[in-house]
Amino acid sequence: MKSVLLSSPGKIQISEAQYPVRKPNEVLLKVRSAGICGSDIGAYKGVNPLVSYPRVIGHEIAGEVLEVPAEETDLLPGDRVIIEPYVYCGECYPCSIGHTNCCENLTVRGVHIEGGMAEVIAHPRRLVHKVPNNIPWNLIPMAEPLVISMHAVQQADTQAGQHVVITGAGQIGLLAAQYALTLDAIPVIVDPVDERLELARKLGVTHTINPTVVDAVAEIKKITHGRMAEVVIEASGAASAIRGAVDYVSYAGHISLVGWPKNDIELPTGLFTKKELTVRGSRNSVGQFPESLRLISEGKVDVASLLTKTVDMDETPAMVSDIAEHPDRYLKVTCLF
Ligand SMILES: [Zn+2]
Ligand SMILES: [Zn+2]
């Protein structure tokens with residue numbers, strides 16, 4: 001069986017892998033498509049401290065069911081599914097209160113444990129979701145970044161009519177903006193790359209700001225009629241954007257931090273108190289897959305416009321190194337297996 005293997009940072013190839021043995025609670029899948037995510041690129045570059053090597057990459061994985069647990073009544077062989085790649089323990093404190101997304105013992109496929117970029121994988125039944133028939137294979141993996149974005153928007157308790165400033169117009173930011181639109185909130189995207197802002201406008205985002213060209217604080221003040229944004233979603237991980245969030249947010253506002261900063265940064269914590277901010281981290285997702293698939297299937301979120309290209313499994317290693325070298329050329333790449 002073939003897999004996409006990182007033998008060490010910078011070394012990626014199609015490699016022979018062991019055919020998986022399905023445990024009683026697992027589903028066996030023939031993988032049909034996969035998304036290349038920022039974390040796969042981080043693993044390739046050797047900058048993700050959670051990754052150990054050698055490692056099969058990939059956590060945005062869709063496939064066809066081959067075998068199901070004996071007691072299964074819903075899933076059938078041949079069904080199209082996507083995996084939820086965050087494998088939680090079910091026993092720690094966060095798991096005990098339903099926050100399985102930040103399980104203390106969390107193992108994410110392609111990061112802590114073998115990824116899904118292989119011809120066949122086994123995965124816990126409780127983390128496998130059926131996919132509506134009208135979503136083509138090469139778009140199904142994008143339901144995974146969408147759940148990350150949905151969780152970030154939900155962590156900020158976003159309400160209809162609120163202004164949602166989103167810093168970073170990568171796939172997470174653009175999906176968060178589209179999800180905010182489905183909630184009848186008003187997204188405002190802040191990003192220094194004009195083409196990304198143009199894409200945001202094509203996706204229905206009416207307010208976009210390039211902070212290297214205009215004063216973002218003044219601009220947000222104008223858009224919100226002086227209030228500033230009730231919600232800020234930080235989706236870039238950039239220090240300047242995280243710092244900016246504290247200025248962009250309104251009094252009594254909510255900040256949701258989904259971007260991973262490279263280093264710790266200094267923040268004016270006095271403003272947290274003065275504005276009585278709610279600042280929440282947002283990691284992975286919990287329970288959002290069915291809705292994410294529904295939004296894509298019903299055309300409420302346009303993932304196709306974010307897709308730069310789709311390649312075959314054999315082309316995946318070269319594609320990963322090209323994305324690592326030229327990140328600006330790609331917004332999203334998926335692979336057909
Ligand atoms: Zn991902
Ligand atoms: Zn746990």
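Helices α1 and α10 are roughly perpendicular to each other, and the reason is their angle. This is a predicted model, by the way. Two packed helices are described by the angle between their axes and the distance between the axes. Here α1 covers residues 38-45 and α10 covers residues 316-325. The angle is about 90°, and the axes are 10 Å apart. Angles of 65 to 115 degrees count as roughly perpendicular, and therefore this pair gets that label.

Which residues of α1 meet which residues of α10? On the α1 side they are Asp40, Ile41, Tyr44 and Lys45. On the α10 side they are Val320, Ser321, Ile323 and Ala324. Sorted by class, this contact has 5 nonpolar, 1 polar and 2 charged residues.

Some of these names come back with Ile12, which lies in strand β2, residues 11-16. Ile12 touches Tyr44, Val320 and Ser321, among others. Is Ile12 buried or exposed? It has 23 C-beta neighbours inside 10 Å. A residue is buried if it has 20 or more, so Ile12 counts as buried.

Next, two distances along the chain. Ile12 and Ser282 are 270 residues apart in the chain, and their C-alpha atoms are separated by 30 Å. Lys2 and Met313 are 311 residues apart in the chain, with 9.2 Å between their C-alpha atoms. Lys2 is in strand β1, residues 2-8. Met313 is one of its contacts beyond four places in sequence; the others are Ile14, Glu16, Ala118 and Glu119. With 15 C-beta neighbours inside 10 Å, Lys2 counts as partly exposed.

Now the domains. The domain assignment gives domain 1, written 2-139 + 307-336, and domain 2, written 146-281. Taken over C-alpha atoms, their centres are 29 Å apart.

The largest nonpolar core has 89 residues. The members that touch the most other members are Val164, Ile166, Ala176, Val188, Ala229 and Ile233. Take Val188 from that list: beyond four places in sequence, its contacts include Val164, Ile166 and Ala229. Val188 also touches His163, Val165, His207, Ile209, Ile220 and Ile223. There is a second, separate core of 5 residues, which includes Tyr86, Val87, Tyr88 and Leu106.

Last, some backbone geometry. Most residues other than glycine have a negative phi, and most peptide bonds are trans. The bond joining Tyr53 and Pro54 is cis, with omega about -5°. Pro54 is in the loop between α1 and β4, and β4 is residues 55-56.

Asp157 is not a glycine, yet it has a positive phi of about 55°. Asp157 sits in the loop between α3, residues 143-155, and β11, residues 163-167. It has 13 C-beta neighbours inside 10 Å, so it counts as partly exposed.

Glu276 also has a positive phi, near 45°. Its loop runs between α8, residues 269-274, and β16, residues 278-281. What does Glu276 count as, buried or exposed? It has 10 C-beta neighbours inside 10 Å. The cut-off for exposed is 12 or fewer, so Glu276 counts as exposed.

Key. Residues numbered from 1 in each chain as written. Chains lettered and ligands numbered in written order. Predicted model: local features only at pLDDT ≥ 70, side-chain atom pairs only at ≥ 80, totals over all residues. Axes fitted to C-alpha atoms, helices over the stretch in contact; angles between N-to-C directions. Helix = DSSP H or I, 4+ residues; strand = E, 2+ residues; numbered from the N terminus. Parallel < 35°, antiparallel > 145°, perpendicular 65-115°, else oblique. Contact = placed C-beta atoms within 7 Å. Nonpolar A, V, L, I, M, F, W, Y, C, P; charged D, E, K, R; others polar. Core = buried A, V, L, I, M, F, W, Y, C linked by C-beta atoms within 7 Å. Domains from an automatic or database assignment.
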